[in-house]
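Please open the model in your viewer and keep the sequence panel beside it. The stops below say what to select and what is to be found there.

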There are 2 protein chains.
Amino acid sequence: MLKVNEYFDGHVKSIGFENKGPVSMGVMEVGEYTFGTAAPERMTVVKGELTVKLPGRIEWETYGAGDSFEVPGESSFQVQITQTSAYLCEYL
Amino acid sequence: MLKVNEYFDGHVKSIGFENKGPVSMGVMEVGEYTFGTAAPERMTVVKGELTVKLPGRIEWETYGAGDSFEVPGESSFQVQITQTSAYLCEYL
């Protein structure tokens, strides 16, 4: 069953599915967002770029298509989007 | 504006957006599908795998995560899905 999720008034949308564990694939419009995490996750940029501030870090880092970063569980991370971008999120 | 599209009774869902041209990102559940194309497009597998029969070809070819294939415009292609898989479609 493919589950469509909407966040931040529809500026972020994702499709949740199962493939060797829970996965979601989504698109973020231009803006700045904070995401909370339950399980740890790996985010992979598929199109565009995500500028990210990970928990406990001071600097922001930009990830382009093909780049991945991991976020610990029970935490949160900030994202700045300057071009509508797509990502894959794999729950670890 | 992020546009959610559903095909084949919801077994294929996608999110359409703009990034240097029209793009869509989607997920296909297990099954066999035929997609028509208007503009030529590049399909990139993001998660799982797509087994594809391109127009004019006899054999089926399997593409895994990271692989891409192109489909001419005004044509169609067949896809067999054996594990729920995700793709990026860039219209050329």
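Predicted model: local features only at pLDDT ≥ 70, side-chain atom pairs only at ≥ 80, totals over all residues.

Residues are numbered from 1 along each chain as its sequence is written, chains are lettered from A in the order in which they are written, and side-chain values use heavy atoms, with hydrogens and water left out.

Begin with chain A, where six strands form an open, antiparallel sheet in the order 1-2-3-10-5-8; strands are DSSP runs (E, at least two residues) numbered from the N terminus, and two of them pair if DSSP finds at least two bridges between them. At its edges, select strand 1 (3–7) and strand 8 (68–71) of chain A, each of which pairs on one side only.

Move to chain B, where strand 8 (residues 68–71) has Phe69(B) and Val71(B) on its covered face and Ser68(B) and Glu70(B) on the uncovered one. Val71(B) is also the bridge partner of Glu41(B).

Finally, return to chain A and select Phe8(A), Tyr33(A), Phe35(A), Tyr63(A), Phe69(A) and Phe77(A), which ring pairs link into a cluster; rings of Phe, Tyr and Trp (its six-membered ring) pair if their centres lie within 6.5 Å, and planes under 30 degrees apart count as stacked, over 60 as edge-to-face and the rest as tilted. Tyr33(A) and Phe35(A) form a tilted pair, 6.2 Å centre to centre with 50° between the planes.

Terms used. Helix = DSSP H or I, 4+ residues; strand = E, 2+ residues; numbered from the N terminus. Buried < 20%, exposed > 50% of the residue type's maximum accessible area, 1.4 Å probe, protein only.
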